[in-house]
Amino acid sequence: ETSSRMAEVKEEKNDAQKLLKDGMKYFQLATNKEDLKKSLTCFDDMIKINVENKKRLWQRGLVLYYLDDFAEGAAQFRLDVELNPNDTEEAIWCFLCEIHTDGKEKALENWLKVGRDSREVMRIS
């Protein structure tokens with residue numbers, strides 16, 4: 001039974017990797033909201049495979065932003081920063097989402113505090 005479960009885990013990982021690749025492809029080639037929705041479906045299907053995948057899906061946050069789902073986009077970016085507390089870029093995207101939902105002043109008040117980003121260009125933001 002252990003080897004059977006290990007095979008299932010490997011298959012789930014392969015499925016999730018394919019969904020991530022497909023979701024990014026739909027996003028990068030998107031010319032309309034329907035293409036973006038296909039991308040979102042791929043990312044949501046990754047979460048169905050394993051709910052832990054949601055914490056890593058900053059790409060899903062981008063899709064949500066461009067689909068004008070700013071509240072869910074902000075929530076996605078906040079999850080990512082919990083996992084990677086030095087990610088300035090996700091803090092910026094979260095801020096951009098929250099401007100739409102809460103206004104600039106409140107979004108600034110709720111700015112995600114992050115540590116030192118390893119990317120020099122992100123440290124000057």
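## Aromatic pairs and a loop residue

Search the whole structure, a predicted model, and seven aromatic pairs turn up. To count as a pair, rings of Phe, Tyr and Trp (its six-membered ring) need centres within 6.5 Å; planes under 30 degrees apart are stacked, over 60 edge-to-face, and the rest tilted.

Here are two of the pairs.

| Pair | Centre to centre | Angle between planes | Type |
|---|---|---|---|
| Phe-27 and Tyr-66 | 6.0 Å | 45 degrees | tilted |
| Tyr-65 and Phe-70 | 5.4 Å | 70 degrees | edge-to-face |

Helices here are DSSP runs of H or I with at least four residues, numbered from the N terminus.

Buried means under 20% relative accessible area, exposed over 50%, and partly exposed in between (1.4 Å probe, protein chains only).

Now for the loop. Asp-68 lies between H3 and helix H4 (70-83). Its phi is near 65 degrees, a positive value in a residue that isn't glycine. Asp-68 is partly exposed, at 48% relative accessible area.

Residues are numbered from 1 along each chain as its sequence is written, and side-chain values use heavy atoms, leaving out hydrogens and water. In this predicted model, local features need pLDDT of at least 70 and side-chain atom pairs count only at pLDDT 80 or more, while totals for chains, interfaces and linings use all residues.

Conventions. Helix = DSSP H or I, 4+ residues; strand = E, 2+ residues; numbered from the N terminus.
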